[in-house]
Amino acid sequence: MNFTITPKAEKFMRLMVMSDGGPGAGFRLAVSPGGCSGLNADICVLREPMPGDAVVQKGAVKLFLPAESRILLDGVTVDFTDTAAKTGLVFHDPKATTCASHGQALPAGL
């Protein structure tokens with residue numbers, strides 16, 4: 001499982017965990033095929049991983065990753081954007097070929 005989280009995405013995830021979680025909480029990143037970047041994501045802060053989730057430390061963020069997500073995130077760069085047009089996590093997947101621009105922003109409030 002080889003994927004990258006940019007400093008901006010790490011900061012966003014860390015702030016969400018600090019505001020919505022407690023000791024031991026983590027950021028659950030469940031991705032599935034689809035969307036403009038080739039991935040759709042369901043994100044949330046959980047106090048503990050769900051059954052079958054792997055716990056992965058990326059920088060200062062503890063991630064809870066379901067099995068399918070671990071496969072789909074291979075080679076992906078997870079970034080964060082905050083513009084007038086979109087705010088949220090953006091997935092840059094070099095394998096995606098469905099859209100002219102690679103990247104899909106997920107609303108920050110998810």
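Is Phe 27 buried or exposed in this structure? Phe 27 is buried, because its relative accessible area is 0%; here buried stands for under 20% relative accessible area, exposed for over 50% and partly exposed for the range in between, with a 1.4 Å probe and protein chains only. The model is a predicted one, in which local features need pLDDT of at least 70 and side-chain atom pairs count only at pLDDT 80 or more, while totals for chains, interfaces and linings use all residues. Residues are numbered from 1 along each chain as its sequence is written, and side-chain values use heavy atoms, with hydrogens and water left out.

The chain holds two helices and eight strands, where helices (H or I, at least four residues) and strands (E, at least two) are DSSP runs numbered from the N terminus. Of its 110 residues, 41% are buried.

Four of the strands make up an open sheet with mixed pairing, in the order E3-E2-E5-E4; two strands pair if DSSP finds at least two bridges between them. Strand E3 (39-46) and strand E4 (54-58) each have a single partner strand, so one side of each is left without a neighbour in the sheet. As a reminder, strands of a sheet pair through backbone hydrogen bonds, either parallel or antiparallel. E4 and strand E5 (residues 61-65) run antiparallel and are joined by five bridges, with Lys 58 opposite Val 61 in E5. Helix H1 (residues 7-20) packs on this sheet and touches strand E2 (26-33), E3, E4 and E5, a contact being heavy atoms within 4.5 Å.

Now for the aromatic rings. The whole structure contains two aromatic pairs; rings of Phe, Tyr and Trp (its six-membered ring) pair if their centres lie within 6.5 Å, and planes under 30 degrees apart count as stacked, over 60 as edge-to-face and the rest as tilted. The rings of Phe 12 and Phe 27 have centres 6.4 Å apart and planes at 70°, so this pair is edge-to-face. Since Phe 12 belongs to helix H1 and Phe 27 to strand E2, the pair ties together parts 15 residues apart in sequence. Phe 12 also forms a stacked pair with Phe 80, at 4.7 Å centre to centre and 20° between the planes. Phe 80 lies in strand E6, so this pair links parts that are 68 residues apart in sequence. Phe 12 and Phe 80 are both buried, and Phe 12, Phe 27 and Phe 80 form one aromatic cluster.

Strand E6 (residues 77-82) also contains Asp 82, which counts as exposed at 58% relative accessibility.

Technical notes: Axes are lines fitted to C-alpha atoms, for helices over the stretch in contact, and angles run from 0 to 180 degrees between N-to-C directions.
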